[in-house]
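Please have the sequence and the model at hand while reading.

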Amino acid sequence: SYRDSKGEIKGIGISFLDRVSEMTGLIFEYELFENISEALGNDFDLYLNAAKIYAPDNMILSKPYLKSETIICMNSSLDSRELHNKKFASISGGKLPEGIREENVIYYDNREDTLNAIEKGIADYSYGNAYSVAFYTLQNGYKNIVTIPKGIEEREYCVGVPDGNEILLSI
């Protein structure tokens, strides 16, 4: 999710809930946060773009409304076969992929920040879903990033509800 040039919140999750609104008559209000921790620190009824890798244990997830493959994003100066002990850009609040050691991680608030760090050579590589990486690459015109399908996990994006609000998922 992101703000467009008019300041409106846009994205695949918003489009999904707009469709739900058309079908049910429900009206949704949206709030966009800079990072996962800030969003989870608030008391909302629904969370968009919730993924298993970022959702806390007390959040219940809907069936996915979007599935995407995971791709590796890396600085073009690197060899993809030599990423061991390189700097991995991760989004704060997410779980580290298998094989990534904590001492090699630099944390950022969001996907765009991880890509900016890779572009500038501050971080070496990261994993992301194909949709968000393509969006930010087109928007920001990255010249120093290459992407490679990784096949390590399929990213599934859901509506998340806090434990106790399961009835909302029946909608």
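## Basis and terms

Contact here means heavy atoms within 4.5 Å. The model is predicted: local features need pLDDT of at least 70, side-chain atom pairs count only at pLDDT 80 or more, and totals for chains, interfaces and linings use all residues. Residues are numbered from 1 along each chain as its sequence is written, and side-chain values use heavy atoms, with hydrogens and water left out.

S126 belongs to strand β8; strands (E, at least two residues) and helices (H or I, at least four) are DSSP runs numbered from the N terminus. Its relative accessibility is 1%, so S126 counts as buried. Buried means under 20% relative accessible area, exposed over 50%, and partly exposed in between (1.4 Å probe, protein chains only).

With neighbours within four places in sequence left aside, S126 is in contact with I71, I72, C73, F88, A89, R111, T114 and I118. The side chain of S126 also reaches the backbone oxygen of A89, at 2.5 Å.

## Aromatic pairs

There are eight aromatic pairs in the structure. Rings of Phe, Tyr and Trp (its six-membered ring) pair if their centres lie within 6.5 Å; planes under 30 degrees apart count as stacked, over 60 as edge-to-face and the rest as tilted. Y2 and F135 make a tilted pair, 4.5 Å centre to centre with 35° between the planes. Y2 is in strand β1 (residues 2-3) and F135 in helix α4 (residues 130-140), so this pair ties together parts 133 residues apart in sequence. Y2 counts as partly exposed at 28% relative accessibility, and F135 counts as partly exposed at 26%.

F88 and Y125 form an edge-to-face pair, with 5.1 Å between centres and 70° between the planes. This pair links F88 in strand β6 (residues 88-91) to Y125 in strand β8 (residues 125-129), 37 residues apart. Both F88 and Y125 are buried.

## Nonpolar cores

A nonpolar core is a set of buried Ala, Val, Leu, Ile, Met, Phe, Trp, Tyr and Cys residues joined through side-chain atoms within 4.5 Å. The largest has twelve residues, including I71, C73, A89, L115, I118 and Y136. Elements β5 (66-75), α3 (111-120) and α4 each supply at least two residues of this core, and α3 gives the most, with three. Another core, of nine residues, lies apart from it; M74, V105, Y125 and Y127 are among its members.

Y136 also forms one aromatic cluster with Y2 and F135. Not counting residues up to four places away in sequence, Y136 touches S1, R111, E112, L115, G141 and Y142.

Terms used:
Polar contact = N/O pair within 3.5 Å; in protein donor to acceptor, adjacent residues only side chain to side chain.
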